[in-house]
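Hi everyone, thanks for coming. I'd like to walk you through one model today, chain by chain, so please keep the picture in view while I talk.

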Amino acid sequence: MAYGEKVLDHYENPRNVGKFDQNDANIGTGMVGAPACGDVMRLQIKVNDEGVIEDAVFKTYGCGSAIASSSLLTEWVKGKTLDEAKAIKNTDLAEELALPPVKIHCSVLAEDAINAAVEDYRKKHA
Amino acid sequence: MAVYFDHNATTPLHEKIFEAMQPYMGSVCGNPSSLHRFGRLQRQAIEQAREQVAALMGAQSSQVIFTSGGTEANNLMVKGLSMDTAVQRIAVSAIEHMSLLQPAAEVGCNVDQIAVDGQGLVTQESLKQAINKETVLVSVMAANNETGAVQDINKLAEEVRAHDIWFHTDASQIAGKLEFSFEKTAVHAMTLSSHKLYGPMGAGALIVDKCLPMHSLLQGGSQEKGLRAGTENVPAIVGFGMAAELAAQELIERADHVRVLRDALEKELMQLGVVKVFSQQVRRLPNTLQFGVQGFDGETLLMELDRRGFAVSSGSACTSGKTEPSHVLKAMAVPNQLATSAIRVSLGRANTMAEIERFIEAMKQIIGLSNSAVMMAANL
Amino acid sequence: MNDKTNRPIYLDYSATTPIDERVVAEMLKYMGSDAIFGNPASRSHSYGWTAEAAVEQARQHVADLVGADPREIVFTSGATESDNLAIKGAAHFNVKSGKHIITCKTEHKAVLDSCRQLEREGYEVTYLDPEQNGLIDLDKLKAAMRDDTTLVSIMHVNNEIGVIQDIEAIGKACRQRKIIFHVDAAQSAGKVPMNLSELPVDLMSFSAHKIYGPKGMGALYVQRKPRVRLEAQMHGGGHERGMRSGTLATHQIVGMGEAFRIAKEEMATENERLINLRNQLWDGLKDMEEVYVNGDFDQRVAGNLNISFNYVEGESLLMALKDLAISSGSACTSASLEPSYVLRALGRNDELAHSSIRFSMGRYTTSKDIETTIKHVRSAVEKLRNLSPLWDMYKDGIDLNSIKWAAH
């Protein structure tokens with residue numbers, strides 16, 4: 001199958017690849033997916049005292065669409081509050097990247113990842 | 001080389017089609033199922049051919065299932081239709097090609113035969129007699145490969161549809177010779193063969209309405225919407241597509257050309273007195289002339305014509321290894337002796353009036369020998 | 001295939017091969033307006049006879065490569081049809097001796113799906129697990145044989161991992177139990193020498209487009225002595241001695257014949273060259289961390305190397321290697337997202353099964369191609385491992401099996 005231009009762009013030049021210290025109080029980590037399914041996504045957010053996401057990084061094991069979905073997501077969540085970040089829907093990502101139907105699950109995974117990261121952060125601060 | 005008058009058996013490959021195929025036999029390689037660029041180019045070529053074939057037959061490209069040829073398409077139609085063989089039945093005309101009759105006999109359900117009249121046509125009455133409430137499929141070929149007789153598929157399809165029965169037509173012979181449309185005839189399924197319309201051998205298609213419950217006969221891959229497993233024969237499919245496109249462009253021109261030749265031949269042969277043309281009273285393919293010669297043996301006629309440089313056939317090529325009278329002529333109640341003398345001339349785009357004249361001369365010579373060897377052979 | 005202008009390097013010869021120019025030249029004699037044409041089934045004129053003679057010549061070439069009698073070669077539209085005809089045809093015809101069939105989990109889909117079809121018809125099928133190296137344990141096969149077993153179907157060379165089964169030993173075991181033995185040889189004909197006049201094989205499937213012949217063309221070897229009987233799967237006309245009806249393309253048959261003729265001539269030298277290329281490829285990659293060859297390294301067809309790059313997902317790797325035409329798994333299933341069922345059957349874990357790449361080399365692969373390939377693969381794997389959380393975890397010494405994954 002042919003990939004869309006935006007997928008290719010994020011795949012070739014992934015944004016915000018990296019890793020934060022998982023134990024840092026300002027960091028929320030979401031790791032979703034499974035090797036058995038062919039994709040694992042790790043999304044980490046750095047949240048400031050005002051509850052705004054200052055920075056975000058990811059690493060993804062998966063197909064090009066999974067990598068692109070998580071890369072795009074890190075761009076989108078920066079500067080957003082936790083609630084705003086949680087409001088990002090997989091359909092928005094899928095639409096922006098023009099994902100074909102067989103790749104929609106990649107965007108679902110990305111949505112799961114941000115939700116998991118926010119939950120992780122909130123758990124630390126509960 | 002002999003004069004080729006056997007176009008209903010197979011046609012020479014059209015030069016333009018040959019050109020279209022060549023890249024796919026050389027520099028452009030790849031498995032259409034592969035995701036890399038080589039594979040995608042192959043996939044695109046297949047999809048273009050699908051549109052070309054659909055356009056010729058007035059169908060949607062999504063309805064075209066490519067097969068290895070007309071025989072496989074007919075097998076797929078009959079054996080690939082999901083049905084309850086214990087109860088349900090199918091009805092096929094008595095003059096179908098072997099590639100339809102034999103699979104029908106293998107399905108395991110009751111098969112009703114639809115009779116034809118003396119001109120080789122299925123009538124509405126004979127159709128009605130052959131179907132009942134258990135019938136799920138009716139198959140009547142659009143034009144017969146031997147006599148060239150053209151059925152009134154519109155009317156037959158209407159009747160069949162009124163009974164909620166699937167209707168299939170083998171359009172291998174009519175495609176590219178006369179205007180014929182999947183949509184306008186309102187049939188549910190249609191068989192096509194590439195090498196009958198100047199395309200390459202090795203490709204054919206079943207055009208099939210999506211509402212038919214079909215399953216694949218070949219297992220091992222999801223190609224052709226799951227109805228035909230196996231790596232696609234890309235060059236042949238590309239050639240088939242091109243053949244369809246050219247046939248659509250040249251349809252009238254080709255028909256007019258062969259009709260003039262055929263009519264001249266028919267007129268001259270009738271003068272000989274001993275010739276009887278089959279299906280003469282009805283609409284026929286413009287390129288086809290099948291006739292019997294009173295008091296002659298078909299095999300001997302073939303041999304005499306071959307000696308004089310004419311490639312013709314007695315019946316369908318696929319059964320011409322045998323010398324039984326053709327099942328088509330039998331179904332038309334042609335007397336056995338006349339039936340075994342049958343010769344089929346099927347013309348093509350490259351044939352000329354000079355060839356027709358030479359053929360008439362040859363026939364006159366052969367018939368002129370009537371009281372000697374040929375007659376004796378017939379009497380043996 | 002020979003012009004190299006910006007084209008990806010073709011390393012997918014197991015999916016399909018380009019047609020050899022010499023094959024094309026033979027085929028062209030039967031195509032085009034001045035060509036020899038005619039329906040080989042036409043018995044009434046020289047057009048038909050000439051076509052028939054060409055078909056018989058090709059049949060001889062095909063038979064010669066594999067040590068068969070030409071009368072044992074039935075032409076089909078491809079290996080998929082050959083497999084279907086062999087398996088369903090033999091099972092149906094011999095139903096009186098039983099309804100049990102043995103095959104292996106790593107067979108081509110054409111074999112597995114034909115067996116599934118027979119299961120729907122009430123047959124029982126045993127799917128053997130191969131050993132970790134992809135080879136079949138003869139004792140396990142023998143243990144699976146029953147009095148009502150009528151057919152064993154085992155491929156000669158696997159399309160994904162390239163391992164060569166010992167068909168002679170398997171065939172002998174089948175003979176002892178009077179079981180019909182079918183071999184899918186689509187990937188081995190012209191690559192592994194064989195002599196069917198001595199091999200205990202009853203049915204063997206061939207493909208033309210896997211050995212530089214045309215697509216849409218295959219054959220089935222049906223042994224004459226002792227005679228193997230089959231029920232035809234395609235009806236109408238009684239071509240190919242009643243075993244396969246339908247007009248087959250003369251030019252394609254001729255192409256297959258020429259491809260087999262060339263293969264016979266060049267197999268020995270070509271295999272030597274391909275083994276060198278394969279060694280070159282492996283030598284250029286084997287020092288990387290966490291790379292694994294799938295399938296037995298030595299019992300392997302010359303042009304194949306299947307490697308798992310651990311912690312890198314196969315599809316993203318294909319995408320990174322867009323300058324290489326390669327595949328992960330077999331072409332017939334590569335449109336789906338499932339991990340390779342062949343690697344799963346070898347007992348490879350999910351990560352390794354998802355991270356496999358098949359490199360298949362052939363007649364036009366050069367040493368320079370392999371050099372470029374090594375460079376591309378090394379940089380792509382490095383890039384993707386930098387992106388991979390699994391690689392991080394591996395580097396941190398975390399056992400991936402210790403993690404409870406939330407499968408979705």
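Let's begin with a term: a residue is buried if 20 or more other C-beta atoms lie within 10 Å of its own. And before we use it, please remember that this is a predicted model.

Now chain A. Take strand E1, residues 27–34 of chain A: 7 of its 8 residues are buried, so the strand is largely enclosed by the rest of the structure. Which strand does E1(A) pair with? That's strand E2 of chain A, residues 39–47; the two run antiparallel, joined by 8 bridges. If you want one pair to look at, find Thr29(A), which stands opposite Gln44(A) in E2(A). The hairpin made by E1(A) and E2(A) has 4 residues between the strands, and Gly38(A) there takes a positive phi near 90°.

On to chain B, and its sheet. Here 7 strands form an open sheet, and the order is E2-E8-E7-E6-E5-E3-E4, with mixed pairing. Why is one side of E2 and of E4 in chain B left without a neighbour in the sheet? Strand E2 (64–67) and strand E4 (110–114) of chain B stand at the edges, so each has a single partner strand. Going from one strand to the next, the twist averages 20°.

Let's zoom in on one pairing. Strand E7 (residues 189–193) and strand E8 (residues 204–208) of chain B run antiparallel, with 5 bridges between them. Leu192(B), for example, has Ala205(B) in E8(B) as its bridge partner. Helix H3 of chain B, residues 70–80, packs on the sheet and touches E2, strand E6 (166–170), E7 and E8 of chain B. The direction of H3(B) makes about 160° with that of E7(B). Then there's helix H4 of chain B, residues 98–106, which lies across strand E3 (89–93), E4, strand E5 (135–139) and E6 of chain B. H4(B) runs at about 160° to E3(B).

How do those helices sit against each other? A quick general point: two packed helices are described by the angle between their axes and the distance between the axes. For H3(B) and H4(B), the angle is about 30° and the axes are 9 Å apart. Their crossing is right-handed. The residues that meet include Gly70(B), Asn74(B) and Val78(B) from H3(B), and Leu100(B), Pro103(B) and Ala104(B) from H4(B). By class, that contact has 4 nonpolar, 5 polar and 2 charged residues.

Chain C gives us another helix pair. Helix H2 (residues 46–66) and helix H7 (residues 250–285) of chain C have axes that come within 8 Å and cross at roughly 30°. With angles under 35 degrees counting as roughly parallel, H2(C) and H7(C) are therefore roughly parallel to each other. H2(C) passes H7(C) in a left-handed crossing. Among the residues meeting there are Ala54(C), Ala58(C) and His61(C) in H2(C), and Ile253(C), Gly257(C) and Phe260(C) in H7(C). That contact has 11 nonpolar, 4 polar and 4 charged residues.

Last stop: where chains C and B touch. Here 61 residues of chain C are in contact with 62 residues of chain B. Which helix gives the largest share of chain C's side? That's H4(C), with 6 residues. Sorted by class, this side of chain C has 23 nonpolar, 29 polar and 9 charged residues.

Notes
Residues are numbered from 1 along each chain as its sequence is written. Chains are lettered from A and ligands numbered from 1 in the order in which they are written. This is a predicted model: local features need pLDDT of at least 70, side-chain atom pairs count only at pLDDT 80 or more; totals for chains, interfaces and linings use all residues. Axes are lines fitted to C-alpha atoms, for helices over the stretch in contact, and angles run from 0 to 180 degrees between N-to-C directions. Angles under 35 degrees count as roughly parallel, over 145 as roughly antiparallel, 65 to 115 as roughly perpendicular and the rest as oblique. A crossing is left-handed if the near helix is turned anticlockwise from the far one by less than a right angle, and right-handed if clockwise. Two residues are in contact if their C-beta atoms, placed from the backbone, lie within 7 Å. Ala, Val, Leu, Ile, Met, Phe, Trp, Tyr, Cys and Pro count as nonpolar, Asp, Glu, Lys and Arg as charged, and the others, Gly among them, as polar. Two strands pair if DSSP finds at least two bridges between them. A residue is buried if 20 or more other C-beta atoms lie within 10 Å of its own, exposed if 12 or fewer, and partly exposed in between; C-beta atoms are placed from the backbone.
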